[in-house]
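Student: I would like to go through this structure with you. Can we take it piece by piece?

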Amino acid sequence: MPSPILPISSNPSSSASAATTVVKAKIDADPSATILISSKFDPEKAIPITPVLPRASSYNSTSNVNNNIVSFANNHQQGFLRTSSDSSLALLADETPRQSISREVGHVAAETFYLSGLCLKLLSYLGVGYRWITRFLALGCYAMLLMPVAFYYFFSRQVRRSIIYGEKPRNRLDLYLPKTSQGTKPVVAFITGGAWIIGYKAWGSLLGQQLSERDIIVACIDYRNFPQGTISDMVEDASQGISFICNNISEYGGDPNRIYLMGQSAGAHIAACTLVNQAIKETGEGDSVSWSVSQIKAYLGLSGGIVPAFSYSIMEGEDSLHQFSPEVLVQDSNVKPAVSLLPPVILFHGTADYSIPADASQNFADTLRRVGGKAESILYDGKTHTDLFLQDPMRGGRDEMFEDVVAIIHGEDEAALAKDAVAPPRRRLVPEFMLKLAHDVSPF
């Protein structure tokens, strides 16, 4: 079926080489930058960090949204940030067990309130028609079925929540650290999905938990959502978060020479936009940058793409939509020098994804290869939009996409690959009937 993703504006040459596409068979597995030093958000208690490279603002924020809505969103989320920033490393060592439990319970309550607000915002934006109400209820049911993941996020000592990376609302990231501190670790900078409206850093909790078990640090970057911001703001936030990781991850045991950029769904689109725009900036004259595309070993995109009919306002109008389609942007002859700077691009997609069909990844990979980039797409037979990211990892056992991602990250580390080969199967987190039910009720 033809993809609803934004079409390519130019006609490809018939002699151009197509991107590599690997089809995976379905398997049944049964078995800025500041560091927060206070639990209460206080700008005066934030310590500025001078980046290795000079800091620069990537883009001018533009918005077509009513100012009253934006103001409400800013006030609401600023209030939340005062509560959500209590993962201060300075406090952890001095807490009594009772204080720790009290702090975590308060954090759970604040996060629950905030996420409920995000869902209501999504419903108000989509409207109250029968179709969207049923999808909203399905989303709530789906989230309840997958609640076991929340315990790890809220209570694990391996998670450093809400580290400040910038000055704007939502400029926070979560770090998932391996239990062993021996040697430096590869790093994944992850940008979560959420239809550009309900994206939130906690959505990467399951990925962060499982990659950290393989000795990989994961940084889940939060960003402003619509209507608090449009795509320019999201790209700006993502760029600042990546800059913070590139310039500061060594303080957390990460290897600044082994950083991988990854995104899922809308997050994959935002990450790709950020990467391409950063490459364009680096080919310009006089543009100062706070991080470099050369610091990214590879870009891993999971189930990414744009659905234009849904996102005109978010993408700042139909006329600007091409500017925020990496697939279209890289075909501009003026952008060709930037394409040569891009790292290898590997795109993962399920063939049964009806939210963003697999054509999106295949077309983007084809286009990148045609204009001189390094790209491949890997398809997983019968997998939906959420199977690869949620249901399969929670099923336990061997997860094919997860193993593919780990193999890419550990590709140059023979010792790590040897450990991966004998790693025990991951335990099941949710009974199979709940996963099947989640698969059936998922609105994505």
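**Helices, strands and a loop**

Tutor: In helix 6, the buried residues are Ser-205, Leu-206, Leu-207, Gly-208, Gln-209, Gln-210, Leu-211 and Ser-212. Keep in mind that this is a predicted model.

Student: How many residues of helix 6 are buried?
Tutor: Helix 6 covers residues 205–212. The helix is mostly covered. The buried count is 8 of its 8 residues.

Student: Why is strand 6 described as largely enclosed by the rest of the structure?
Tutor: Strand 6 spans residues 185–191. Buried means under 20% relative accessible area. Strand 6 is largely enclosed because its buried residues number 7 of the 7.

Student: How many bridges join strand 6 to strand 8?
Tutor: Strand 8 covers residues 254–264. Strand 6 and strand 8 run parallel. The number of bridges joining them is 6.

Student: What span does helix 7 reach from its first C-alpha to its last?
Tutor: Helix 7 runs over residues 231–248 and has 18 residues. At 1.5 Å a residue, 26 Å is expected. The span in the model is close to that, at 25 Å.

Student: Is helix 7 largely enclosed or exposed, and how many of its residues are buried?
Tutor: The buried count takes in 18 of the 18 residues. Helix 7 is therefore largely enclosed by the rest of the structure. The count asked for is 18.

Student: Is Ser-156 buried or exposed?
Tutor: Ser-156 lies in the loop between helix 5 and strand 4. Its relative accessible area is 16%. The cut-off for buried is under 20%. Ser-156 is therefore buried.

Student: Which residue has its backbone nitrogen 3.1 Å from a polar atom of the Ser-156 side chain?
Tutor: A polar contact needs N or O atoms within 3.5 Å. The separation here is 3.1 Å. The backbone nitrogen belongs to Gln-158.

Student: How many disulfides does the structure hold?
Tutor: Cys-246 is buried at 6% relative accessibility. Cys-273 is buried too, at 2%. A disulfide is a covalent bond between the sulfur atoms of two cysteines. The number of disulfides in the structure is 0.

Conventions. Residues are numbered from 1 along each chain as its sequence is written. This is a predicted model: local features need pLDDT of at least 70, side-chain atom pairs count only at pLDDT 80 or more; totals for chains, interfaces and linings use all residues. Side-chain values use heavy atoms; hydrogens and water are left out. Buried means under 20% relative accessible area, exposed over 50%, partly exposed in between (1.4 Å probe, protein chains only). Helices (H or I, at least four residues) and strands (E, at least two) are DSSP runs, numbered from the N terminus. Two strands pair if DSSP finds at least two bridges between them. A crossover is right-handed if, with the strands pointing away from the viewer, the path from the first strand over the helix to the second runs clockwise. The expected span of a helix is 1.5 Å times one less than its number of residues. A polar contact is a pair of N or O atoms within 3.5 Å; within protein, one must be able to donate a hydrogen and the other to accept it, and residues adjacent in sequence count only if both atoms are side-chain atoms. A disulfide is a pair of cysteine sulfur atoms within 2.5 Å.
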